Amino acid sequence: MTDTTPRYGAVDVQYLDDGGARAALVVAEDPAFATLVEERTVLVEQVAEYRPGRFYERELPPLRQVLAGVAPLDLLIVDGYVDLDPAGSPGLGAHVADAGLAPVVLGVAKTRFHAASHAAEVLRGQSAKPLYVTASGMPLDAAAELVREMASDARFPDALRRVDRLARGGDPAQPALQH
């Protein structure tokens with residue numbers, strides 16, 4: 001019998017001064033990410049140089065590495081945009097979806113990208129500053145609602161703060177956030 005428990009993941013990458021990167025992943029079995037069931041980080045010795053308009057070339061290899069060997073995810077959240085504009089110019093999330101890393105990819109960005117007028121603005125907690133949500137494989141309104149309902153009363157959901165902390169060098173052996 002196969003396990004059909006849904007798996008939701010969030011990833012982030014931090015670039016290191018030595019030319020490498022640390023990629024992090026957190027996984028939950030509920031879309032609110034209320035209880036994290038898995039965390040992992042990987043160090044990547046060398047990553048591509050940043051090239052405007054080709055950020056995915058730098059970000060995608062570390063994401064592939066942190067996801068290697070992990071049970072398949074039903075949904076993956078990336079830090080950034082799926083599409084960069086209403087015409088569908090691909091952002092990191094579109095490249096993640098095209099690479100087959102998850103059937104549903106959500107982009108959650110902290111800052112507005114000037115051309116991304118299609119992004120759903122999501123207010124969380126008491127913050128007057130929105131998050132910008134884009135999606136592939138899920139209607140945008142459902143993606144925005146998922147982000148709105150993620151665990152935490154803060155502007156930035158707990159799981160996204162946790163994966164950011166892990167990518168910056170936080171200890172994956174610490175207990176996962178629980179609510």
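1. The largest cavity is lined by Ala10, Val11, Asp12, Ile77, Val78, Asp79, Val108, Lys110, Phe156, Leu160, Val163 and Asp164. Here a cavity is a set of points on a 1 Å grid over the protein atoms alone where a 1.4 Å probe fits but cannot get out, and lining residues have an atom within 4 Å of a point. β1 (8-15), β4 (75-79) and α4 (158-167) are the elements giving two or more residues to that lining; helices (H or I, at least four residues) and strands (E, at least two) are DSSP runs, numbered from the N terminus.

2. Keep in mind that this is a predicted model, with local features needing pLDDT of at least 70 and side-chain atom pairs counted only at pLDDT 80 or more, while totals for chains, interfaces and linings use all residues. Residues are numbered from 1 along each chain as its sequence is written, and side-chain values use heavy atoms, with hydrogens and water left out.

3. A search of the whole structure turns up one cavity of 30 Å³ or more. The largest cavity holds about 80 Å³ of space, the volume being what is filled by probe spheres set on the points, which are joined across faces, edges and corners.

4. Now to β5 (residues 104-109): six of its six residues are buried, meaning under 20% relative accessible area (1.4 Å probe, protein chains only). Val104, Leu106 and Val108 sit on one side, and Val105, Gly107 and Ala109 on the other.

5. As for neighbours, β5 pairs with β4 in the parallel sense over five bridges, and pairing takes at least two DSSP bridges between two strands. Leucine 76 has valine 105 in β5 as its bridge partner.

Terms used. On a 1 Å grid over the protein atoms alone, a cavity is a set of points where a 1.4 Å probe fits but cannot get out, and a pocket is an open set with protein on both sides within 12 Å along at least five of seven lines; lining residues have an atom within 4 Å of a point. Buried means under 20% relative accessible area, exposed over 50%, partly exposed in between (1.4 Å probe, protein chains only).
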